[in-house]
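Work through the exercises below with the sequence and the model side by side. Try each task before reading its solution.

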Amino acid sequence: MIIRNDNIEINVITGNRNALREKIPVLFLHGFTGCAEDWFFIFDKLPSEFEPIAIDLTGHGKSSSPETLYYYSTDFIIKSIDFILNYFEIKNTVLVGYSMGGRAALAYAFNYPKKVDKLVLESSTAGIINETEKKQREQKDNDLANFIEQNSIDDFISYWLNQSLFESLKNLPSNTYNEIVERRKFNSRTGLANSLRGFGTGTMPNYWEKLYNLKTNTLLISGNLDNKFTTINKKLSSELPNAKHVIIKNTGHNVHLEKPQEFIIFLNRFLNN
């Protein structure tokens, strides 16, 4: 269903809308180039007392892809998540975010800690500490945004998924991998480019120095083939007061799509504790 917030359309997918009031909602947030449909595989696999909900973040899937950068900012993403929760009269939720979605989930948890019962961050980060590195990453994201605008969506998705970060994703059966690729081609160039400019890792706030304040029970998930984010998550687990880090074997950056069964096992175990 499409919900409007500040003239922006947000695509929301729920299993049973009425159950969101009766059960514990689990809100899933996709990564860059992804969409809410990336989480379909888990919708009917949650424990019975939990109810799934997923959204397309601004610039992705069936949500709006406006020209104005504000609608891609950390501030607006936080407000969008809160708007959706209020729309469905959800007072407390479990947030599950992958990569960019994990950064969005972390940002929301810092701003509305009382509304987040549990937090699950997959292959994500708390930002960049060093100001020089932060500016360099911002410039790199802006260069990539320019590349997106100057090429076709097919060419960009091919370039994006051919990075070493996603190499292990190609180990999936060809039909499954092709479905993932095709879903990403439904995104707009404007939406993806502005997502990088408005909420890239170089643009988002640095939360590292505040992590000790976040008391929320947190599950960190990474793949052992993804050295960069496994290292980052080890650091996150040491600085978050109530965090556990799970490393999934023989998988890379996109754990929930590469190893869905393992992801479900660890997520459900965390939800039931």
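## Exercise 1: The core

In the largest nonpolar core of 83 residues, F28, I55, I81, V96, L119 and L267 touch the most other members. A nonpolar core is a set of buried Ala, Val, Leu, Ile, Met, Phe, Trp, Tyr and Cys residues joined through side-chain atoms within 4.5 Å. Buried means under 20% relative accessible area, exposed over 50%, and partly exposed in between (1.4 Å probe, protein chains only).

This is a predicted model: local features need pLDDT of at least 70, side-chain atom pairs count only at pLDDT 80 or more, and totals for chains, interfaces and linings use all residues. Residues are numbered from 1 along each chain as its sequence is written, and side-chain values use heavy atoms, with hydrogens and water left out.

**Task.** Find which helix gives the most to this core, then list what I55 touches.

**Solution.** 
- Step 1. Helix α3, residues 100-111, gives the most, with eight residues. Helices (H or I, at least four residues) and strands (E, at least two) are DSSP runs, numbered from the N terminus.
- Step 2. Turn to I55. Leave out residues up to four places away in sequence; I55 then touches I10, N11, V12, L27, F28, L29, H30, A36, I81 and I84. Contact means heavy atoms within 4.5 Å.
- Step 3. In soluble globular proteins, nonpolar side chains tend to be buried together.

## Exercise 2: The sheet

**Task.** In what order do the eight strands of the open sheet lie, and which strands stand at the edges?

**Solution.** 
- Step 1. The order is β1-β2-β4-β3-β5-β6-β7-β8, with mixed pairing. Two strands pair if DSSP finds at least two bridges between them.
- Step 2. β1 (2-5) and β8 (243-248) each have a single partner strand, so one side of each has no neighbour in the sheet.
- Step 3. Neighbouring strands are turned by 25° against each other on average, direction ignored. Axes are lines fitted to C-alpha atoms, for helices over the stretch in contact, and angles run from 0 to 180 degrees between N-to-C directions.
- Step 4. Helix α2 (residues 74-87) touches β1, β2 (8-14), β3 (24-29), β4 (50-55) and β5 (93-98). The direction of α2 makes about 125° with that of β1. Helix α8 (residues 227-239) touches β6, β7 and β8, and its direction makes about 160° with that of β7.

## Exercise 3: Strand pairs

**Task.** Walk through the pairs from β1 onward. How many bridges join β1 to β2, and which residue is the bridge partner of I3?

**Solution.** 
- Step 1. Four bridges join β1 to β2, and the two run antiparallel. I3 has I10 in β2 as its bridge partner. These strands form a hairpin with two residues between them, and D6 in the turn has a positive phi of about 55°.
- Step 2. β2 and β4 are antiparallel, joined by three bridges. Here I13 faces A54 in β4. Five of the seven residues of β2 are buried.
- Step 3. β3 and β4 pair in the parallel sense over six bridges. F28 has A54 in β4 as its bridge partner.
- Step 4. β3 also runs parallel to β5, with four bridges. L29 stands opposite G97 in β5. Five of the six residues of β3 are buried, so the rest of the structure largely encloses this strand.
- Step 5. β6 (residues 116-122) and β7 (residues 217-223) are parallel, with five bridges. V120 stands opposite L219 in β7.

## Exercise 4: Two helix residues

**Task.** Is N268 buried or exposed? Where does S237 lie, and what is S237 in contact with?

**Solution.** 
- Step 1. N268 is in helix α10, residues 260-272. At 14% relative accessibility, N268 counts as buried. Not counting residues up to four places away in sequence, N268 touches K45, L46 and P47.
- Step 2. S237 lies in helix α8. Its relative accessibility is 23%, so S237 counts as partly exposed.
- Step 3. Neighbours within four places in sequence aside, S237 is in contact with L220, A243 and H245.
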